[in-house]
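Good morning, and thank you for coming. Please look at the sequence and the structure on the screen while I describe them.

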Amino acid sequence: MPDCPESDEFLLQAVGRGDLAAFSRIVERHQTWAWRVAYRFTGNEEDASDIVQEAFLRLLDASGRYRPTAKFRTYFYQIISRLCLDRAKKKQPLLLETVPDTPDPSPDITDTMMQRENAIAVRAALDALPPNQRLAILLRYDENLGYEEIASALEKTTKAVERLLARGRERLRDVLGRRENFF
Amino acid sequence: MWSCAKNRKHLNAYMDGELPDRALREVERHLAVCPACLLELDGLRGLAPLLGNDEVPPVPAGLSARILAEAAVRQKRKECPKTSGWEWREFLFQPWLVRGATTAALVVGLAMGALMGWTGYLRPDSTQWIVTNESVARNMYAFDVLGAEPRGSIEAATLALLDDGR
């Protein structure tokens, strides 16, 4: 609720009036999940840091114009999503051929190493997805957003989100399904 | 009952809990009798544990400090806008100003040119640039060729020519 002084909407309006303490509260409250989304999308710390920093500064610049018609979190997801997709346009896409080969299933490979190999394979498969499919998948699985929230973040319809998720999942199953120990 | 093809189009939304009631009932009715679609649904569900396994490193130390430092700089810039002395020069080169000045200069130039030409034409001592045939004949031959009575003589004409030559 915008009237509640602890709400994000209230704090952001205060930021718009020049209150940097309110901005500091917002950063403290939201940097963890913003970092998580950015890192899971980009796969590297440097790009993720840039995205998170730019996202908060854009929030600061837009705070003077912010009206609490949309929830703060939805608004911030939009900013982060745009930055992620812009960053993806500038980066070289990862080729499917670079997905690591099936790990050696010999008995001296520990579970931890197998898990690590699988995590690398999942990371590579995610990186191989088109950026908007990747982002839809991450917002669904990591942030547990519903179709409407994902649609707001990506500025698409819910039907488009459903299609993005369906195609993203199909591609992930296709890539990861070629490996042993998956599915 | 729905076909497998139609049912599979709705499996993602079903798994995500996003189906409206009517479609939800149709999917469940189909899944109750179709092992193939049930297997497909299991395959979709199998992604969740994989995608949730990726570890995320902690937020880098100093990231929030950098953000807040930059925010303070921007805030200060908003409160005390820097004047570099170049603002008036930027104002002078506004497109609308340049266009207006060019048009005004053109109009003034044309007006002055027209004025100079007109005043030059009206000066009593200026050589008329429109010369009539009569005056040519008078000047050249000292003949009043178009006059009613011819005046002058060959000798007078010759002398007039000689005078002109000097």
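Let me begin with a definition: a residue is called buried if 20 or more other C-beta atoms lie within 10 Å of its own, exposed if 12 or fewer do, and partly exposed in between, with the C-beta atoms placed from the backbone. By that rule, buried residues make up 8% of the 166 residues in chain B.

Two remarks on conventions are needed. This is a predicted model, in which local features need pLDDT of at least 70 and side-chain atom pairs count only at pLDDT 80 or more, while totals for chains, interfaces and linings use all residues. Residues are numbered from 1 along each chain as its sequence is written, and chains are lettered from A and ligands numbered from 1 in the order in which they are written.

I turn to chain B. Its secondary structure comes to 10 helices and zero strands; here helices (H or I, at least four residues) and strands (E, at least two) are DSSP runs, numbered from the N terminus. The predictor's confidence in each residue, pLDDT, runs from 0 to 100. Chain B averages 80, and 71% of the residues score at least 70. Where in chain B is confidence lowest? The answer is helix H9 of chain B (residues 133–141), with a mean of 61, whereas helix H2 of chain B (residues 11–15) is highest, at 96. Where pLDDT is low, the predicted coordinates should not be read in detail. For the complex, the predictor gives an ipTM of 0.80 and a pTM of 0.68.

Next, the interface. Two residues are in contact if their C-beta atoms, placed from the backbone, lie within 7 Å. On that basis, 35 residues of chain A are in contact with 28 residues of chain B. On the side of chain A that touches chain B, the largest share, 11 residues, comes from H2 of chain A.

Helix H2 of chain A also contains A:His30. Is A:His30 buried or partly exposed? It counts as partly exposed because it has 19 C-beta neighbours inside 10 Å. Its C-alpha atom is separated by 8.8 Å from that of A:Arg73, 43 residues apart along the chain.

Finally, the core. A nonpolar core is a set of buried Ala, Val, Leu, Ile, Met, Phe, Trp, Tyr and Cys residues joined through C-beta atoms within 7 Å. The largest has 55 residues, and A:Ala136 is among those with the most contacts inside it. Helix H2 of chain A (residues 20–42) supplies the largest share of this core, 10 residues.
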